Amino acid sequence: MPSHPRPTVRRRRLGAELKRLREKAGVSMEDAAERIGGDKPKISRQENGRQGVSKLEIEALLELYRVSDDRLRTALTTLAREGRRKGWWAQYSDILPAGFQERLSIESDAARILTFQSMLVPGLLQTAEYATEVIPAAGKSQTEEQIKSYIEVRASRQEILARPNPPQYVCLLDEAVLRREVGGPAVMVRQLDKILEVNNPPRLTIQVVPLSQGWHAGADGAFNIYSYPDPMDLDVVNLDYLDGALYLEEDLPVERYQLAFDELRAAALASRHSMKLVSSVRQGFADRA
């Protein structure tokens with residue numbers, strides 16, 4: 001499936017809010033376009049998040065829409081400014097596909113991340129050694145320098161979990177993830193050590209869906225749900241496939257994945273018992289290391 005450029009989360013949030021305010025004020029797209037010296041297609045692109053909004057444009061539009069709430073005006077102005085800001089991953093744009101750069105943008109802005117993994121430890125929790133094993137296997141032919149850059153990207157991604165106001169992160173792992181030997185017993189020992197170290201409910205919670213559950217709601221594969229705060233509530237589901245990623249934002253499919261996640265969490269061991277299982281599996285690898 002081909003990869004198509006999509007608006008960033010910041011731009012989508014801003015555009016949707018501008019559309020809501022315009023419609024609430026009873027202003028036509030033509031009148032809005034005239035106010036900023038543009039045309040109807042430009043307003044459409046801005047409201048769809050496919051074109052940025054300058055500081056002067058957003059000030060003019062908020063005036064036209066009679067928005068007097070200073071808090072909302074500040075929030076939308078900030079969104080407009082941040083929508084033009086390049087993320088830390090821009091320095092790796094020569095090796096990172098556009099779709100993966102979008103993933104980093106979505107991930108960096110989320111207030112909550114829910115993830116289910118059935119095959120591998122997710123990137124936000126991987127050790128460098130574990131990542132070194134899985135990154136070459138996941139892509140096409142890569143040079144050592146490219147692999148090194150991917151490892152650096154993965155390490156930078158993980159910094160969101162250590163920042164002063166990190167997203168809430170709930171990770172559900174199929175037990176098979178713990179038992180799948182990646183890189184040998186010693187690599188697995190250190191990887192499972194990291195899982196034991198970072199687990200810290202409720203801010204960062206890791207739970208295991210035991211093999212004894214048999215067929216479960218995550219049997220079709222891994223997925224992530226990203227949630228964003230005000231001024232516009234937004235949930236985005238991410239599904240990865242061999243050549244790219246799919247993002248779902250419509251209410252019905254998002255609700256289905258939220259329900260699947262709830263069912264998986266109900267089937268998972270409590271975090272404390274999950275860590276006991278992780279420790280047990282870790283000891284098995286340690287005995288062989």
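The points below go through selected features of this structure, which is a predicted model.

1. Helix packing. Helix α10, covering residues 185–198, packs with helix α12, covering residues 271–288, at an angle of about 155 degrees, and their axes lie 8 Å apart. That angle makes α10 roughly antiparallel to α12, because angles over 145 degrees count as such. The crossing in which α10 passes α12 is left-handed.

2. The residues of that contact. On the side of α10, the contact is made by Pro185, Met188, Val189, Leu192, Asp193, Ile195 and Leu196. On the side of α12, the residues are Met275, Val278, Ser279, Val281, Arg282, Phe285, Ala286 and Arg288. Sorted by class, the contact of α10 with α12 holds eleven nonpolar residues, one polar residue and three charged residues.

3. The nonpolar cores. The largest nonpolar core has 46 residues, and those that touch the most other members are Leu96, Tyr169, Leu178, Ile195, Ile206 and Tyr228. Ile195 in this list is also one of the α10 residues that make the contact with α12. When residues up to four places away in sequence are not counted, Tyr169 touches Ile113, Thr115, Pro122, Leu124, Leu125, Leu161, Arg203, Leu204 and Thr205.

4. Within α4, which spans residues 55–64, the buried residues include Glu57, Ile58, Ala60, Leu61, Leu62 and Leu64. Just after α4 comes Arg66, with a positive phi of about 55 degrees, a positive value in a residue other than glycine. Arg66 lies in the loop between α4 and α5, and at 60% relative accessibility Arg66 counts as exposed, because the cut-off for that class is over 50%.

5. Lys42. This lysine has its place in helix α3, residues 40–47. Is Lys42 buried or exposed? At 16% relative accessibility, Lys42 counts as buried, since buried means under 20%.

6. Pro202 and its peptide bond. Pro201 and Pro202 are joined by a cis peptide bond, with omega at about 0 degrees. Pro202 is found in the loop between α10 and β3.

7. Gly221. This glycine lies in the loop between β3, residues 204–209, and β4, residues 223–228. At 21% relative accessibility, Gly221 counts as partly exposed. Although Gly221 and Met119 are 102 residues apart in sequence, they are 8.3 Å apart in space, taken from C-alpha to C-alpha. Leaving aside its neighbours within four places in sequence, Gly221 is in contact with Phe116 and Ser118.

8. Lys19 and Ser274. Lys19 lies in helix α1, residues 9–25, and counts as partly exposed at 37% relative accessibility. Lys19 and Ser274 are 255 residues apart along the chain, and their C-alpha atoms are separated by 45 Å.

Terms used. Residues are numbered from 1 along each chain as its sequence is written. This is a predicted model: local features need pLDDT of at least 70, side-chain atom pairs count only at pLDDT 80 or more; totals for chains, interfaces and linings use all residues. Side-chain values use heavy atoms; hydrogens and water are left out. Axes are lines fitted to C-alpha atoms, for helices over the stretch in contact, and angles run from 0 to 180 degrees between N-to-C directions. Helices (H or I, at least four residues) and strands (E, at least two) are DSSP runs, numbered from the N terminus. Angles under 35 degrees count as roughly parallel, over 145 as roughly antiparallel, 65 to 115 as roughly perpendicular and the rest as oblique. A crossing is left-handed if the near helix is turned anticlockwise from the far one by less than a right angle, and right-handed if clockwise. Contact means heavy atoms within 4.5 Å. Ala, Val, Leu, Ile, Met, Phe, Trp, Tyr, Cys and Pro count as nonpolar, Asp, Glu, Lys and Arg as charged, and the others, Gly among them, as polar. A nonpolar core is a set of buried Ala, Val, Leu, Ile, Met, Phe, Trp, Tyr and Cys residues joined through side-chain atoms within 4.5 Å. Buried means under 20% relative accessible area, exposed over 50%, partly exposed in between (1.4 Å probe, protein chains only).
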